[in-house]
Amino acid sequence: MTRRVAVVGGGSSGLACIKCCLDEGLEPVCFESSDDIGGLWRFKDNPEPDRASIYHSVIINTSKEMMCFSDFPIPAHFPNYMHNSLIMDYFRMYADHFQLTRHIRFNTKVLQVKKRSDFSHSGQWDVETENQDGKKEKHIFDAVMICIGHHCHPNLPLRDFPGIETFQGKYFHSRDYKTPEEWRNKKVVVIGIGNSGGDIAVELSRVTKQLYLSTRRGAWILNRVGDSGIPIDLLFNRVVNYLRKILPFNVFCGLGESRLNQRFDHSLYNLKPKHSTTLRPKC
């Protein structure tokens with residue numbers, strides 16, 4: 001008897017899980033709450049509740065050599081670092097090639113996942129779903145794979161900004177940012193120097209009257225591209241991991257910081273953090 005597996009979410013992880021289940025002779029059933037695959041990487045003009053949301057210009061910070069599915073290389077003519085639209089094109093190629101969408105139930109939410117009363121014996125799960133018409137169903141599965149990601153709900157800690165209730169301007173989370181045009185010739189502060197903060201600050205700096213980037217402790221900034229134009233995550237996997245094994249930690253970090261400061265002096269730009277670098281890309 002074929003064992004049935006519930007896959008919750010039809011993004012990059014969900015697609016890979018469907019494929020792996022098929023490879024192992026299992027019967028996957030994927031529940032996707034929206035009407036399409038792609039998850040985080042599917043751009044929408046307006047953010048949807050309980051769903052990840054990206055801005056129009058997002059380019060992935062992982063090279064195609066490192067991010068592709070092992071059994072389906074990204075086409076050679078695609079750029080090393082892809083725009084979100086090309087990532088969606090790749091996911092569709094992958095899903096079409098392995099005929100994955102036939103195993104996906106779109107517009108279907110998973111309401112509840114719980115162990116069956118005889119779980120200790122059967123190892124099975126009860127899964128309750130609801131489609132877009134409000135029809136609920138109960139299913140029994142031998143395994144459940146959760147592939148819904150963790151970027152659905154924005155963190156907006158307004159309590160950390162005394163006086164925000166009297167602020168006359170507009171404030172919002174990067175989840176709601178789409179394009180820079182609305183902020184042309186305005187003064188803007190971007191809070192946070194993670195991937196999204198760095199991206200949005202650079203984009204807004206081209207149209208705003210004044211742009212400030214606020215960070216509580218600085219950061220070590222890396223390029224996507226390393227020496228000789230080689231994607232930096234390829235260099236990390238080969239050279240840096242080797243050095244990490246043979247050098248003392250302090251020496252290893254010192255070499256990394258020295259190299260990063262050759263590109264630009266972090267102290268000069270008031271970006272040097274108190275913590276040492278672990279040589280992981282930030283933007």
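Biologist: Which residue stands opposite Cys-30 in strand 3?

Modeller: In this predicted model, Cys-30 faces Ile-104 of strand 3. Helices (H or I, at least four residues) and strands (E, at least two) are DSSP runs, numbered from the N terminus. Local features need pLDDT of at least 70, side-chain atom pairs count only at pLDDT 80 or more, and totals for chains, interfaces and linings use all residues. Residues are numbered from 1 along each chain as its sequence is written, and side-chain values use heavy atoms, leaving out hydrogens and water.

Biologist: How many bridges join strand 2 to strand 3?

Modeller: There are two bridges, and the two strands run parallel. Two strands count as paired if DSSP finds at least two bridges between them.

Biologist: What is the strand order of the open sheet of four strands?

Modeller: The order is 3-2-1-7, with parallel pairing. Strand 3 (104–105) and strand 7 stand at the edges with a single partner strand each, so one side of each has no neighbour in the sheet.

Biologist: Why is strand 1 largely enclosed by the rest of the structure?

Modeller: Strand 1 (residues 4–8) is largely enclosed because four of its five residues are buried. Buried means under 20% relative accessible area, with a 1.4 Å probe and protein chains only.

Biologist: Phe-31 next. Where is its place, and is it buried or exposed?

Modeller: Phe-31 belongs to strand 2 and is buried, with a relative accessible area of 2%. Its contacts (heavy atoms within 4.5 Å), not counting residues up to four places away in sequence, include Ala-6, Val-7 and Val-8, as well as Val-110, Val-127, Thr-129, His-139 and Phe-141. Thr-108 is another residue that Phe-31 touches; the two are 77 residues apart in sequence, yet 5.7 Å apart in space, C-alpha to C-alpha.

Biologist: What is the order of the open sheet of three strands?

Modeller: Its order is 4-5-6, and the pairing is antiparallel. Strand 4 (108–115) and strand 6 (136–141) are the edge strands, each pairing on one side only. The twist from one strand to the next averages 25°, where axes are lines fitted to C-alpha atoms, for helices over the stretch in contact, and angles run from 0 to 180 degrees between N-to-C directions. Six bridges hold strand 5 (residues 125–131) and strand 6 in the antiparallel sense, with Glu-130 opposite Lys-136.

Biologist: Changing topic: where is the place of Ser-34, and which side chain does it make a polar contact with?

Modeller: Ser-34 lies in the loop between strand 2 and helix 2 (64–67), and it is buried at a relative accessible area of 4%. Its side chain makes a polar contact with that of Glu-32 (2.7 Å). A polar contact is a pair of N or O atoms within 3.5 Å; within protein, one must be able to donate a hydrogen and the other to accept it, and residues adjacent in sequence count only if both atoms are side-chain atoms. The Ser-34 side chain also reaches the backbone oxygen of Asp-36 at 3.0 Å. Not counting residues up to four places away in sequence, Ser-34 touches Arg-42, Arg-51, Phe-106 and Asn-107.

Biologist: Which residues of helix 5 are buried?

Modeller: In helix 5 (residues 195–205) these are Gly-197, Gly-198, Ile-200, Ala-201, Glu-203 and Leu-204. They pack against strand 8 (187–191) and strand 9 (210–214).

Biologist: Finally, what is the mean pLDDT of the protein?

Modeller: The mean is 92, and 98% of the residues reach 70 or more; pLDDT is the predictor's confidence in each residue, from 0 to 100. Over residues 279–283 the pLDDT is below 50, although this stretch has 19 contacts in the model beyond near neighbours in sequence. Where pLDDT is low, the predicted coordinates should not be read in detail.

Methods:
Buried < 20%, exposed > 50% of the residue type's maximum accessible area, 1.4 Å probe, protein only.
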